[in-house]
Amino acid sequence: MILDLKALFAGDSPVQVDYSFRPEEDQLPNVSLVHVTGRLVNEADIVMSQLSASFEMPLSCDRCMSEYVAQYNFPVEHVLVTSLNHEDEDRFILVEQGQLDVDELVVSDILLSLPMKHLCRPDCKGLCPTCGRNLNEGPCGCKKPIDPRLEALGKLLE
């Protein structure tokens, strides 16, 4: 969605945003819809985006390999400007000709906010390295292998 913000930069009333879009498959694979809500507001000649992006994403747990659907809700908050000084390039979003591509802004924020490791739950125990059983479903009963460097010490204990 491309918003014309010329009137907002001139001091007009806030722009309310409430829509859904389907991101490109190469940007966010397996995400059906991203719902964006919030507003863009001019406060003391500074335009702020106060948006929130929510979506569901089917994933595979990085520890136990089980499939699950993760629900995310990320803030999309930026200061928007019509011109930049060279020193301010990292802190502000440049809105050229008063046109803002909200989809592009939301997708870039989502990609930066996604976790590096996807876990089905915070206390996921993963898979047994010996038999491959999912340890979240219960213990596997495998005997822990003895480090070959310490095997001689184990024989002393017998």
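Predicted model: local features only at pLDDT ≥ 70, side-chain atom pairs only at ≥ 80, totals over all residues.
View 1. A polar atom of the asparagine 134 side chain lies 3.0 Å from the backbone nitrogen of asparagine 136. Beyond the neighbours within four places in sequence, asparagine 134 is in contact with Cys64, Gly126 and Leu127.

**View 2. Cysteine 142 and its contacts.** Cysteine 142 is likewise placed in the loop between H2 and H3. Its relative accessibility is 29%, and cysteine 142 therefore counts as partly exposed. When neighbours within four places in sequence are set aside, the residues in contact with cysteine 142 are Cys128, Thr130 and Cys131. Threonine 130 and cysteine 142 are twelve residues apart in sequence, and their C-alpha atoms are 7.1 Å apart in space.

**View 3. A nonpolar patch on the surface.** The patch is formed by Ile146, Leu150, Leu153 and Leu156, which together have about 450 Å² of accessible area. Leucine 150, one of these residues, lies in the loop between H2 and helix H3 (151-157). Leucine 150 counts as partly exposed because its relative accessibility is 47%.

**View 4. The largest nonpolar core.** This core has 34 residues, and those with the most contacts inside it are Val34, Val36, Phe55, Val106 and Ile110. Two or more residues are given to the core by each of strand E2 (15-21), strand E3 (34-43), strand E4 (46-60), strand E5 (67-81) and helix H2 (102-113).

**View 5. Valine 36 and the residues around it.** Valine 36 is among the core residues with the most contacts inside the core. Not counting residues up to four places away in sequence, valine 36 touches Val17, Asp18, Tyr19, Phe21, Leu51, Ser52, Val102 and Val106. Val106, one of these partners, is also listed among the core residues with the most contacts.

**View 6. Histidine 78 and aspartate 109.** Histidine 78 lies in strand E5. The side chains of histidine 78 and aspartate 109 are joined by a polar contact of 2.7 Å. With residues up to four places away in sequence not counted, histidine 78 touches Val47, Met48, Ser49, Ile93, Leu105 and Asp109.

Note on methods: Residues numbered from 1 in each chain as written. Heavy atoms only, no water. Core = buried A, V, L, I, M, F, W, Y, C linked by side-chain atoms within 4.5 Å. Buried < 20%, exposed > 50% of the residue type's maximum accessible area, 1.4 Å probe, protein only. Helix = DSSP H or I, 4+ residues; strand = E, 2+ residues; numbered from the N terminus. Contact = heavy atoms within 4.5 Å. Polar contact = N/O pair within 3.5 Å; in protein donor to acceptor, adjacent residues only side chain to side chain. Patch = residues over 30% accessible without salt bridge, like charges linked within 9 Å, V, L, I, M, F, W, Y side chains within 5 Å. Areas by Shrake-Rupley, 256 points an atom, 1.4 Å probe, with all protein chains shown as cover. Salt bridge = Lys/Arg side-chain N within 4 Å of Asp/Glu carboxyl O.
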